[in-house]
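Please look at the sequence and the model together before reading on.

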Amino acid sequence: MKSVRHQLTHLISCKEASHLMSQMQDRGLTPAERIKLKLHLAACKGCTAFEKQLRLLREAMRKYRR
């Protein structure tokens, strides 16, 4: 039997998760997309780190624009 972490991670791939995180910069995600992404991030340390990097870059760009 597969672990819960493995099952959650594979609801969407890391590639799809990173695509959704990038899309969040340009548009709001649908409720289904948000749920899939949140479940993936709950189980995937690599994508969670990538999401944190995106947040840091977004914040840096906000400060730079001022």
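How are H2 and H4 oriented to each other, roughly parallel or roughly antiparallel? H2 and H4 pack at an angle of about 15°, with 11 Å between their axes, and they are therefore roughly parallel to each other. Angles under 35 degrees count as roughly parallel, over 145 as roughly antiparallel, 65 to 115 as roughly perpendicular and the rest as oblique. Axes are lines fitted to C-alpha atoms, for helices over the stretch in contact, and the angles run from 0 to 180 degrees between N-to-C directions.

The model is a predicted one, in which local features need pLDDT of at least 70 and side-chain atom pairs count only at pLDDT 80 or more, while totals for chains, interfaces and linings use all residues. Residues are numbered from 1 along each chain as its sequence is written, and side-chain values use heavy atoms, with hydrogens and water left out.

**Overall architecture**

The protein has 4 helices and 0 strands, and its elements run α-α-α-α from the N terminus on. Helices (H or I, at least four residues) and strands (E, at least two) are DSSP runs, numbered from the N terminus. Among contacts with a separation of 6 or more, 60% are accounted for by residues 24 or more positions apart; contact means heavy atoms within 4.5 Å.

The protein exposes about 5,200 Å², of which carbon and sulfur atoms supply 60%. Such areas come from the Shrake-Rupley method with a 1.4 Å probe, and for residues only the protein chains shown count as cover. Of the 66 residues, 21% count as buried, where buried means under 20% relative accessible area, exposed over 50%, and partly exposed in between.

In soluble globular proteins, nonpolar side chains tend to be buried together. Here the largest nonpolar core has 9 residues: Ile12, Ala17, Leu20, Met21, Leu29, Leu37, Cys44, Cys47 and Leu54. The elements that give two or more residues to this core are helix H2 (14-23) and helix H4 (45-65), and the largest share, 3 residues, comes from H2. A nonpolar core is a set of buried Ala, Val, Leu, Ile, Met, Phe, Trp, Tyr and Cys residues joined through side-chain atoms within 4.5 Å.

**How the helices pack**

| Pair | Angle | Crossing |
|---|---|---|
| H2 and H3 | roughly 125° | left-handed |
| H2 and H4 | about 15° | right-handed |
| H3 and H4 | about 115° | left-handed |

A crossing is left-handed if the near helix is turned anticlockwise from the far one by less than a right angle, and right-handed if clockwise.

The axes of H2 and helix H3 (residues 31-43) come within 10 Å, and the two helices are therefore oblique to each other. Their contact is made by Cys14, Ala17, Leu20 and Met21 of H2 and Glu33, Leu37, His40 and Leu41 of H3.

The crossing of H2 and H4 is right-handed. Cys14, Ala17, Ser18, Met21 and Ser22 of H2 make this contact with Cys47, Phe50, Glu51 and Leu54 of H4.

H3 and H4 have axes 6 Å apart and pack at about 115°, which makes H3 roughly perpendicular to H4. His40, Leu41 and Ala43 in H3 meet Lys45, Cys47, Thr48 and Glu51 in H4.

**Two individual residues**

Leucine 41 lies in helix H3. Leaving aside neighbours within four places in sequence, leucine 41 is in contact with Met21, Cys47, Thr48 and Glu51. Its C-alpha atom is separated by 9.2 Å from that of cysteine 14, 27 residues apart along the chain.

Lysine 15 lies in helix H2 and, at 71% relative accessibility, counts as exposed. The C-alpha atoms of lysine 15 and cysteine 47, 32 residues apart along the chain, are separated by 9.2 Å.

Key:
Buried < 20%, exposed > 50% of the residue type's maximum accessible area, 1.4 Å probe, protein only.
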